[in-house]
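Subject: Structure handover

Hello,

Here is the structure for you to look through. My notes on what was found follow below it.

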Amino acid sequence: MRIVAFFVLFFGLIGCRESVQPTLVDKPVEVRRPQSFPPFEFPADNRPTALRIQLGRQLFYDTRLSSSNAIHCGSCHVLSAAFTDGRATSPGIAGIAGRRNAPTLANVAWMKRFMMEGGVPTLETQALAPLHDSLEMGTNMMRAVHRLNEDGDLKALAKAAYGRDSIDPFVVTRALACFQRTFVSGDSRYDRFLLGQKDQINEHELRGRDLFFSERTQCGSCHGGVFFTDMEYHNIGLYAVYSDEGKARATHLPGDVGKFKTPTLRNIQLTSPYMHDGSIASLEEVIAFYNRGGEPHINRDVRVRALQLSKQECDDLLAFLMTLTDWNFVQQKDLLPLER
Amino acid sequence: MNKVFLLLAVMIALVIASCTNEPEQTVIPASKATVRFSALWEGQPFEMQQVYTDAFGNRLRADGFLNFISLITLVKDDGSEVLIKDYALVNFYNANEITAEVPAGKYTTLKFGIGVPRDRNKDQDPAQYPSSSVLSVAGSQGMFWVWNTGYIFAKFEGKCDTTGTDGAELLTPIAIHAGDDASYREFVSQSFSIDLTGISKTFDVKLNVDQIFSPVNGNDVNIALQAITHTSTNPDLATNFMDNYLAALTFVP
């Protein structure tokens, strides 16, 4: 009788153990913030948790978000290039190049509005743009979530992360934004210098720094602050006639033609080519462009004018810009695709 | 003993009273209002895939025509407003009737917006709405911008031939996507007096599509000159389209 009872109990326990599904346990996560960065408040409906970030990471590198099943967010936003891709404009699903240069995603948590004309208000809603753009991922959100919902493991992860029974547009937009808000880059040599490590910057670079923030160049008046951007929109006289109208595309105002959001200069060494259309290949050429003063345009910012910088001064500026690279950021393994 | 009789008498009286048939109460049927949207071309039902000739001599056909209609409201004779429906997608050929129960009383005006009003248009997140909402990603059927904030108010897509050649194939695309705050239009009907107490009433709103593609309202939408706008790419065409759209609405109370 005891033997029978033992076997009943033993097999009962085995049976119970096999029927138990692994439980995904979520927990809040504190996203690292460099000392010099201002505090950032995550949206109330998208506070960071371990599973939300994990889900966003999986989706960021998931080709099911493109109609061809061939590209993902990380195809044009490559970590080693500070989440750009080294191309003037990026080919989408059909191999046809888009119209604009892929922007860096470093520190997007702190950015105010999205897209180069600033039409999109939040990082969550920004996810809809590349998904739907026929020159990028060329799908639509409902088709994408239909495909994602066929993946039971992903559904379980989404359920644990956001408490929803299926993957829907809310989950996809929130998870992608949550992951991207972990793209924090604030450990350049210049950052260390500002924290007191004076040996991080040499004389040559310091001269460039002084020139950058001088009245003479006024580089820092647009590319200022901790993120090296004023987050505003300016016409820099890149063209006399703009085929891409920039901010005017959203506002329809003639005074906004040719205005584009000021890009951050953090990691600028890694994010070539430059300008909204990737039309300038190197940083040396960008500095030469500003030194010439740009093309005539009625909306050109008055601060863009011939600077009369010497060769040495141009080199100094370049040297300073090189100090803004955060090499630790671009080697962060937890920003790469999950290893399967 | 007398008390017992008195008690019994009271009880019997109560029982009799309870058995007596109460006078029948008049049940007033619910008051219902239906707003029915339909599209016409020169007085006949406007059909998708059908080829029409516009006032400029262009031949065109529509492959899709979808519209945001919002804040469909009946105004009572005391000036108070009754909301029939907050937001709806109307395609004018099937998903085109909106019905709601309304309070009894006399009504004088029907009004609605074409598009999505400013406070629900800009800086909204379609993903925040449940799929059952027409403002959601699924419910709006793609009627929102993705590179910019806001909804597409009216989307007219099709093909045309503007060469004037009889029988020529329609090859030129028409894509009129109108939608930003400046594209919002409000329709206000002529005044009427209808007592909806206890009745169901259908209000017909007809869109005379031929009048959109004509100079009749002073705003040319001549597809031989321009047939594509995503509003930002050709704001004038979007404006003219929405102005003509509003002017091309007729209302039958």
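**Charges over rings**

The charged end of Lys201(B) sits over the ring of Phe203(B), 5.7 Å from its centre. The rule here asks for NZ of Lys or CZ of Arg within 6 Å of the ring centre and within 35 degrees of the ring normal.

**Ground rules**

This is a predicted model, in which local features need pLDDT of at least 70, side-chain atom pairs count only at pLDDT 80 or more, and totals for chains, interfaces and linings use all residues. Residues are numbered from 1 along each chain as its sequence is written, chains are lettered from A and ligands numbered from 1 in the order in which they are written, and side-chain values use heavy atoms, with hydrogens and water left out.

**Where the chains meet**

In chain A, 20 residues are in contact with 17 residues of chain B (contact means heavy atoms within 4.5 Å). The area buried between chain A and chain B is about 1,500 Å². Carbon and sulfur atoms give 65% of that area. Buried area is the accessible area (1.4 Å probe) that two parts lose on being put together, summed over both. On the chain A side, Leu128(A), Arg249(A) and His252(A) lose the most area to chain B, together 31% of what that side buries.

There are 2 salt bridges between chain A and chain B (a side-chain nitrogen of Lys or Arg within 4 Å of a carboxyl oxygen of Asp or Glu). Asp125(B) and Arg174(A) meet in a salt bridge through their side chains, at 2.6 Å, N to O. H8(A) gives the most to the side of chain A that touches chain B, with 4 residues. Helices (H or I, at least four residues) are DSSP runs, numbered from the N terminus.

**Aromatic pairs**

The whole structure holds 43 aromatic pairs over all chains. Rings of Phe, Tyr and Trp (its six-membered ring) pair if their centres lie within 6.5 Å; planes under 30 degrees apart count as stacked, over 60 as edge-to-face and the rest as tilted. Tyr61(A) and Phe179(A) pair edge-to-face, 6.5 Å centre to centre, with 65° between the planes. Tyr61(A) lies in the loop between helix H2 and helix H3 and Phe179(A) in helix H8 of chain A, so the pair ties together parts that are 118 residues apart in sequence.

Regards

Technical notes. Helix = DSSP H or I, 4+ residues; strand = E, 2+ residues; numbered from the N terminus.
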